Amino acid sequence: MASKGPKKADGFDLSQAPSHLLRRCVQYANDLFSREPGASDLTKQQFTVLAAVEQNEGMSQTDLVAITAETYTARRAYEISAEFRRRGVRVIMGGFQPTLIPEECAPHADSLYIGDAEFLWKEAIEDAQRGSLKPVYRAKAGIPQPHTLTRRDLFRGKGYLPVTLMQFSRGCKYPCHFCAVSVFFEKTQYVRQVREVVEEIERQERKFVFFVDDNICSDHAALKELCRALIPLRIRWVSQGSIDMAHDEELMELMMKSGCLGHVVGFESLDPKNLKDMKKAPNLPAFSRYEKELKVIRSYGMQLWAAFTLGHDHDTLASIRETLQFAMENKFCFAAFNILVPYPNTPLYRKLETEGRLLYGGKWWLHPEYRFNYAAFRPKNMTPDELTEACFEVRSRFNSMGSIVRRLFDFKTNARSPASLGIYLGYNPIFRKEVFKKHGMRFGLA
Ligand code: B12
Ligand code: SF4
């Protein structure tokens, strides 16, 4: 299996670190991050902040609009971009979608930004200032925000959950065939310097941190170094990590001591044939239907958000229901029963395309009939509608009131401490609502 080691922040050219960045579907080219003292902040000096674009605030004074487009938000991003361009405002578009399929995004923006903003954003801003924005900026992927602290004051009052979002690393070394992260970061994990992460946490009043890493366990040694540094900070944290964490007791011990309450873990499937097909390498060694791993994880009291992808070639309607039973028996704190999605330019997408199994003309994310959580391909052992309905059914049943009450009574995990209980009771009703709110959502307004 092709995999690479993590890239460390050492040796990064900090003088080139741009000011930066943006998150969410529509964002603005201004200062979400503050700079190191002494560094100039071109974005801040020369461009108008354009927040709340959906409300059309500040449009008349806008020099440049920067939009993040992911596959799910691409259609809406193109609509918003079209409206700005109609009003004579230049648009630059970046993020997963432009990086995965630039040829589709190109007609929807004046300029495309491929890869991470850290590398060429400064150049793009300078070009925009001179009126010579290039049609495309080809940046690489790399270490998140070196020597740059997040300006969190900008999030205040905007309805975000009361959690400190933080990144320790980006990318993951594994080659899962459905995963856009694996393509974007070319099976590489990029790791921030631990002291910078610690400094960012120390500046927070809130001591509950969500590390939005793709797979914080991609490199056990790097994570252990982080955990050792987190212990004195006395925070509580959660993240996303592969299940091979359970094969390393020292890592489990350190995570526990550093305040880790749990992780989003990709179980994906209970069938090793599916796991092999999808190249889910961290789940495969000595496969025991996760029995061994769950025993270890439970012994440390961790709460799990178990993520499954449903619709693989060896899945049947019966196996999907079995997955629900497995999740209920293990009393997972949360579970995501995601329909398998062919994201553009992934190996899964190419396989289904070659086999003629893609629906909605292949570009499901642009199709006016496609809706969130619908099957976008023809599964092997059921119809697309059956897959959509089965996923909705297991999602609804897992998040039913009866299930929430039953899963609560696990004194090793969900009811282990006031903090664990708080997470369980605070977030289960939110996710329950999401199941119904999001299912069948459309992607654009037109
Ligand atoms: C945290 C996270 C979440 C959190 C969000 C928490 C929050 N409040 O923000 C939660 C759990 C809610 C979530 C939900 C979902 N997520 Co999510 N999420 C992530 C994750 C792990 C990190 C996102 C993040 O903050 N990254 C840090 C920022 C700084 O990175 P970034 O946005 O990529 O931006 C960088 C570059 O892309 C570039 N850039 C981006 N935009 C722009 C714009 C311009 C102009 C420029 C110059 C540069 C630029 O520069 C940035 C800095 O280097 C990503 C994976 C990832 N590595 O990004 C998945 C990811 C974005 N999610 C994904 C998905 C599928 C989802 C869901 C649809 C899952 C589901 N089935 O429900 C939902 C809904 C998402 C939606 N948009 O509606 C996919 C998207 C795939 C794709 N092809 O678009 C990703 C890539 C994960 C994956 N394994 O494939 N997610
Ligand atoms: S382990 Fe997770 S983040 Fe890594 S490639 Fe697989 S699905 Fe993507």
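In the predicted model examined here, the shell around ligand 1 comprises 16 nonpolar, 7 polar and 6 charged residues. In total, 29 residues surround this ligand, and the closest are T68, E70, G94, G95 and D116. Several secondary-structure elements contribute to the shell around ligand 1: at least two residues each are supplied by strand 3 (64–68), strand 4 (90–94), helix 3 (96–100), helix 5 (117–130) and helix 6 (180–184). Of these contributions, the largest share, 3 residues, comes from helix 5. The shell around ligand 1 also draws on two domains, with at least three residues from domain 1 (20–138) and at least three from domain 2 (148–438).

The surroundings of ligand 2 are formed by C172, Y174, C176, C179, V181, S182, D214, N215, S242, G266 and P282. Classified by residue type, the shell around ligand 2 contains 6 nonpolar, 4 polar and 1 charged residues.

Helix packing was examined next. Helix 7 (residues 194–202) packs against helix 8 (residues 220–230) at an angle of about 40°, and the two axes lie 10 Å apart. The crossing of helix 7 and helix 8 is right-handed. On the side of helix 7, the contact involves V194, V197 and V198, which meet E225, L226 and A229 of helix 8. By class, the residues of this contact between helix 7 and helix 8 divide into 5 nonpolar and 1 charged, with no polar residue.

Helix 8 also packs against helix 9 (residues 249–257), their axes coming within 9 Å and crossing at roughly 30°. Because angles under 35 degrees count as roughly parallel, helix 8 and helix 9 are therefore roughly parallel to each other. Helix 8 passes helix 9 in a left-handed crossing. Helix 8 contributes H220, L223, K224, C227 and R228 to this contact, while E250, L251, L254 and M255 are the residues from helix 9. The contact of helix 8 with helix 9 divides by class into 5 nonpolar, 1 polar and 3 charged residues.

The crossing of helix 12 and helix 14 is right-handed. In helix 12, the residues in contact are L317, I320, R321, T323, L324, A327 and M328, and these meet E386, A390, V394, R397 and F398 in helix 14. The residues of the contact between helix 12 and helix 14 divide into 8 nonpolar, 1 polar and 3 charged.

How values were computed. Residues are numbered from 1 along each chain as its sequence is written. Chains are lettered from A and ligands numbered from 1 in the order in which they are written. This is a predicted model: local features need pLDDT of at least 70, side-chain atom pairs count only at pLDDT 80 or more; totals for chains, interfaces and linings use all residues. A residue is near a molecule or strand if its C-beta atom, placed from the backbone, lies within 6 Å of it. Helices (H or I, at least four residues) and strands (E, at least two) are DSSP runs, numbered from the N terminus. Ala, Val, Leu, Ile, Met, Phe, Trp, Tyr, Cys and Pro count as nonpolar, Asp, Glu, Lys and Arg as charged, and the others, Gly among them, as polar. Domain bounds come from an automatic or database domain assignment. A crossing is left-handed if the near helix is turned anticlockwise from the far one by less than a right angle, and right-handed if clockwise. Two residues are in contact if their C-beta atoms, placed from the backbone, lie within 7 Å. Axes are lines fitted to C-alpha atoms, for helices over the stretch in contact, and angles run from 0 to 180 degrees between N-to-C directions. Angles under 35 degrees count as roughly parallel, over 145 as roughly antiparallel, 65 to 115 as roughly perpendicular and the rest as oblique.
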